[in-house]
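Morning, everyone. Please look at the screen. I'll talk about a pocket first, then a pair of helices.

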Amino acid sequence: MSTVLAHGCFDLLHLGHIQHLQEAKKLGDHLVVSVTDDKYVSKGIGRPHFNAQQRADALRALACVDKVIINSEADAASVINFVKPDIYVKGVDYKENTGGSLAREKAAVEAVGGKLVFTDSEKFSSSRLINSERFVPEVVKYLDDAKAAGFKDKILAAFDQADCLKVSFVGELIIDEYKYVQGIGRASKEMMLATVEVGSEQFEGGSLAASKHAEWANAEWMASHEYIKKTRYVDRDFNRKLFDVYSAKKIEMSEERRKKFRKHLADVAKESDVVVVMDFGHGLLERDEREILMEAEFLAVNAQSNAGNYGFNLVTKYDVADFVCVDDPEARLATGMQDESINVVIDQGLAACIRCKQFLVTHGKFGAAYSDHQRFGTAPAFVSGGIDTMGAGDAVMAVTAPLVAAGLPVEMAAFVGNIAGAIKTSIVGHRRHVGRQEIIQTVEALLA
């Protein structure tokens with residue numbers, strides 16, 4: 001009996017998969033299907049839609065399938081060595097793919113005396129079907145329009161171009177500590193909740209954490225040795241933050257240290273292609289430092305409002321920038337526009353105060369608004385929740401600024417930024433950064 005092996009994710013089994021497998025069965029006597037294990041499904045956030053066992057069970061229900069196995073490797077080479085198929089079959093969409101895992105799989109099947117064959121069944125998109133199920137019609141239309149406008153190729157090209165730039169991240173170093181607590185009841189003599197500490201984590205945050213997102217090839221981080229430590233007490237059971245304790249409101253530097261810092265800052269501004277300012281408003285970047293930064297070839301600015309500086313650390317302290325990225329409340333604080341529409345806040349507020357042509361204003365689950373002085377638009381969010389919002393805005397800035405500097409239109413940068421922010425909300429604290437590959441995989445999946 002001749003054996004045929006088909007391999008894939010098969011996430012959300014559809015007509016295209018069925019036709020592909022029916023055609024594969026006609027090529028031999030016995031059809032084996034291997035399913036990619038969950039950890040190797042490279043389809044971006046929210047994928048796989050079904051776990052490996054569920055996907056395998058769905059395939060076993062097909063009359064044309066004789067056996068299903070779950071593959072615990074990144075590609076099918078080891079499965080091919082185990083099954084030793086006469087034919088290894090792939091879909092029509094792989095015909096133009098000559099490298100990577102398919103090249104290894106082709107070599108493996110030829111080594112066991114088999115051959116690689118492509119089916120001719122029509123290609124369907126699981127990602128497109130999942131997007132239609134997951135998102136409201138307006139978001140699906142946005143994704144269809146983005147696909148038609150060539151977002152994917154332009155975004156991928158911009159990543160390559162940004163990797164050729166020297167990108168310097170400047171701003172305060174913040175040490176973020178999470179102390180996990182569990183409630184044990186009300187204090188006996190006070191109207192106060194009593195808790196017990198059950199664990200803790202400490203992360204390097206602030207501008208240092210931001211510099212790691214997207215894994216830019218020529219990224220550097222620049223700050224002083226001084227830092228602010230923020231201790232957050234977190235409900236362990238629901239991951240809800242209860243309150244913060246700051247080690248200080250402002251970084252204190254001696255005059256000698258500040259002179260050395262300014263000299264280093266001037267060198268960074270002069271030598272960098274892109275300077276990304278993460279201004280947390282804790283005293284590192286004062287008037288003289290801002291004047292130095294505004295001499296940079298390409299200056300991207302994010303100035304944040306937090307408990308220690310609310311209403312005082314306005315992005316409008318920077319007279320000139322090439323790209324500004326802040327959240328909706330920060331934009332409204334800076335312009336004094338509480339009730340106006342966000343396009344008015346950007347085009348008549350921020351743009352009137354800062355000589356800058358490209359703005360991105362994030363708004364959590366409501367997505368983002370952008371303006372390039374030629375057009376205003378919005379980009380939807382791709383998640384409505386998340387487990388931790390800390391650092392999501394930093395991730396948006398860290399990913400979009402180099403892309404905009406590389407020439408990517410801010411409209412497309414907003415799309416990528418919302419993806420980066422969505423990924424970051426799935427990460428507790430700064431346990432890890434937002435990886436380049438997961439951004440690209442999500443771009444590809446959303447635009448499939």
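The second largest pocket has a volume of about 1,100 Å³. This is a predicted model, so to speak of local features we need pLDDT of at least 70, and of side-chain atom pairs 80 or more, while totals for chains, interfaces and linings use all residues. Residues are numbered from 1 along each chain as its sequence is written, and side-chain values use heavy atoms, with hydrogens and water left out.

What is a pocket? On a 1 Å grid over the protein atoms alone, where a 1.4 Å probe fits, it is an open set of points with protein on both sides within 12 Å along at least five of seven lines; lining residues have an atom within 4 Å of a point. Volume is the space filled by probe spheres set on the points, which are joined across faces, edges and corners.

Of the 46 lining residues, Thr389, Met390, Gly391, Ala392 and Gly393 are the closest to the centre. Helix α13 (392–405) gives the largest share, four residues. Helices here are DSSP runs of H or I, at least four residues, numbered from the N terminus. α11 also supplies at least two lining residues.

Now α11 itself. Helix α11 (residues 328–335) packs against helix α12 (residues 342–353) at about 45 degrees, axes 10 Å apart. Axes are lines fitted to C-alpha atoms over the stretch in contact, and angles run from 0 to 180 degrees between N-to-C directions. Contact means heavy atoms within 4.5 Å. In α11, Ala331 and Arg332 are among the residues that meet α12, whose side includes Ile342 and Val345.
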